[in-house]
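I opened this model to go through its two chains in turn. My notes follow in the order I looked things up.

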Amino acid sequence: MRRPSAKTIFALLTAAGLSGAGLFSTALAQEADHPSDKPMIVASDFGVAPWMVRGASGPEGFGADLINEIGKELGRPKVEIVDMNFSGLFAALFAKRVEFLVNPLNLTAERSERMLYTEPLFSTGNGFIVRAADEMKGFDDLKGKAVAVNRGTISDTWATANAEKYGFEVQRYDVFPDTVQAVLTRRAFTALNEIPTTVYAASQNKAIKVGFKDFNGRNFAYAFRLEDAEYRNKVEAVIECMKIDGRLRKLHEKWYGTPPDAGSAIDTVYFGYGPPGFKGFEPTAHALSCK
Amino acid sequence: MDRIVEYYFNTKIFAIAFPEVLAGFRTTVIVSLLIIAFGVLFGLLLALIRCANIRPLNWIITIYVDVLRTLPQLVVMVFLYFGLPYLGLTLSPFVTTVLALGMVLSAFASEIFWSAIMALPRGQWDAASALGFSRVRTLLTIILPQAIRLAVPLLTNRAISISKGTALGTAVSLPETLGQAQSVMAIVANPSPLTLAAAFYLTFFLPLVVASRWIEYRYSHGR
């Protein structure tokens with residue numbers, strides 16, 4: 001076997017560097033980034049029960065079932081869910097380490113400037129975990145106390161924006177379970193997270209309860225790179241079919257133990273592609289070809 | 001190229017992130033300096049206690065040093081932060097980070113000081129005692145100045161590498177440079193704040209690295 005010359009190696013490195021920098025044409029990149037014969041690679045932060053947790057035979061939960069179903073519908077041989085801290089998810093998406101994000105990710109105006117969201121697929125809001133013996137009636141009970149949040153999540157954003165207004169201190173942790181630990185070890189009065197996450201955590205641990213729920217019209221949706229509109233639409237079409245035939249609703253009942261609240265995004269098919277009212281929304285009617 | 005500018009060198013994002021990352025940087029600097037001060041001084045103290053040659057004390061110090069040299073820094077930190085409250089001791093993120101990394105540094109420092117002291121010829125002790133110096137006086141005025149000179153090059157490297165561990169403080173909610181950058185990054189969905197954090201780390205640790213080179217040079221050319 002001939003050894004590759006220095007020139008060949010240089011050429012290869014340059015090619016790798018260029019493709020990494022994303023200089024290939026968009027069409028080429030689309031197929032190369034989502035090869036239909038390779039496993040689908042997506043990312044989520046694990047430990048957010050019952051959305052995504054590590055089970056005996058790989059990831060389990062509402063989010064795991066949902067993305068596996070989508071992968072199957074799109075004809076991909078397998079779905080690989082990469083476990084990543086929340087704070088690393090966006091960098092991984094932009095660096096093309098993953099195809100899109102499947103964690104419980106809130107839809108916000110700021111984020112939709114840089115990522116392409118699907119339509120809402122799950123309704124949520126602020127849930128406050130407190131120790132079983134404590135009481136929380138409303139935001140005023142937070143005065144002079146510490147609120148633990150998962151760094152970089154929408155809860156972090158909310159807490160940062162409201163810390164002064166309600167007079168509390170914000171503690172930021174890398175993962176959700178650490179925020180619960182902070183409450184259990186009395187470092188924080190409450191752990192703030194998505195309502196479904198807090199309800200489930202409280203159902204698993206007698207030492208804590210959900211002290212206060214604040215439904216505020218927020219939604220989760222999957223997020224893609226800006227140039228992947230076509231691929232986003234493909235995934236969204238599958239989600240819409242799952243809403244229509246009730247598969248999404250069944251998944252909710254399976255993992256959360258209750259049917260979704262009336263008017264939840266779980267049951268609502270939105271017009272067009274993308275999130276209505278946010279950047280990345282394509283207000284064009286499309287016919288669904290559900291199986 | 002456009003992508004890397006958009007995601008890692010976005011000036012608009014830099015402007016948004018600057019105040020938060022700067023506040024984090026202040027914490028990083030203070031915590032790092034405290035780690036170095038605590039780690040080096042406590043390590044020196046341990047090495048001096050070992051010189052007294054009291055057997056039970058030596059055992060305790062050896063166990064302390066070996067355990068801390070073995071455990072990953074993050075494990076020490078998480079144990080102090082989430083473990084001790086169950087024993088009734090709740091430390092702040094700031095104190096936890098300084099204590100955890102300071103303890104790790106002290107373990108390495110005591111080992112470095114100890115081996116430097118041992119590296120000096122025994123004859124110096126004997127000569128001093130022949131001249132009527134007490135053991136303590138020999139240690140403080142003859143042995144230690146030479147030992148410190150030997151120890152410094154090893155010590156500066158170790159001190160820098162451990163104080164860089166302040167970034168691990170994010171795990172226990174210390175609002176330092178990296179953590180603040182990550183928070184902003186998630187809000188604006190753009191990793192540019194990480195570049196800003198890297199720049200801040202450089203402005204602090206680069207002079208430290210340069211200074212350590214200078215100290216090593218000064219000490220190795222014995223003056």
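**Entry 1: the sheet with β11(A)**

I began with one residue pair: A:Ser123 has A:Asn219 as its bridge partner in β11(A). I took strands (E, at least two residues) and helices (H or I, at least four) as DSSP runs, numbered from the N terminus. Strands count as paired if DSSP finds at least two bridges between them. β7 (residues 122-131) of chain A and β11(A) are joined by ten bridges, in the antiparallel sense.

A note on conventions before going on. This is a predicted model, in which local features need pLDDT of at least 70 and side-chain atom pairs count only at pLDDT 80 or more, while totals for chains, interfaces and linings use all residues. Residues are numbered from 1 along each chain as its sequence is written, chains are lettered from A, and ligands are numbered from 1 in the order in which they are written.

I then traced the whole sheet. It is open, with five strands in the order β9-β8-β10-β7-β11 (chain A), and its pairing is mixed. β9 and β11 (208-220) of chain A are the edge strands, each pairing on one side only. From one strand to the next, the twist averages 25°. For angles I used lines fitted to C-alpha atoms, for helices over the stretch in contact, and values run from 0 to 180 degrees between N-to-C directions.

A contact here means two C-beta atoms, placed from the backbone, within 7 Å.

**Entry 2: β8(A) to β9(A)**

β8 (residues 146-150) of chain A runs parallel to β9(A), and five bridges join them. A:Asn150 stands opposite A:Tyr173 in β9(A). The chain goes from β8(A) through α6(A) to β9(A), a right-handed β-α-β crossover. Right-handed means that, with the strands pointing away from the viewer, the path from the first strand over the helix to the second runs clockwise.

Is β9(A) mostly covered or mostly uncovered? I found it mostly covered, with four of its five residues buried. My cut-offs count other C-beta atoms, placed from the backbone, within 10 Å of a residue's own: 20 or more is buried, 12 or fewer is exposed, and partly exposed lies in between.

**Entry 3: the other sheet I traced in chain A**

This open sheet also has mixed pairing, and its five strands run β4-β1-β5-β12-β6 (chain A). β4 (79-83) and β6 (115-117) of chain A each have a single partner strand, so one side of each lacks a neighbour in the sheet. α3 (residues 62-73) of chain A packs on the sheet and touches β1 (40-44) and β4 of chain A. The direction of α3(A) makes about 145° with that of β4(A).

β6(A) pairs with β12 (residues 223-225) of chain A over three bridges, in the antiparallel sense. A:Tyr117 has A:Ala223 in β12(A) as its bridge partner.

For chain A as a whole, I noted ten helices and twelve strands. Of its 291 residues, 44% count as buried.

**Entry 4: where the chains meet**

I counted 24 residues of chain A in contact with 21 residues of chain B. On the chain A side, α4 (89-94), α5 (109-112), α6 (154-166) and β9 (169-173) each supply at least two residues. That side of chain A divides into seven nonpolar, eight polar and nine charged residues. I counted Ala, Val, Leu, Ile, Met, Phe, Trp, Tyr, Cys and Pro as nonpolar, Asp, Glu, Lys and Arg as charged, and the others, Gly among them, as polar.

**Entry 5: chain B**

Chain B has nine helices and zero strands. Its C-alpha atoms fill a box of roughly 75 × 45 × 25 Å along the principal axes. Of its 223 residues, 39% count as buried.

I looked at α5 (residues 93-119) of chain B. α5(B) has 27 residues and reaches 39 Å from first C-alpha to last, close to the expected 39 Å. The expected span is 1.5 Å times one less than the number of residues. α5(B) is mostly covered, with 21 of its 27 residues buried.

Last, I checked B:Ala128, in helix α6 (residues 123-130) of chain B. Why does B:Ala128 count as partly exposed? Because 18 other C-beta atoms lie within 10 Å of B:Ala128. Beyond its neighbours within four places in sequence, B:Ala128 is in contact with B:Phe133, B:Thr138 and B:Ile142. B:Ala128 and B:Phe18 are 110 residues apart in sequence and 58 Å apart in space, C-alpha to C-alpha.
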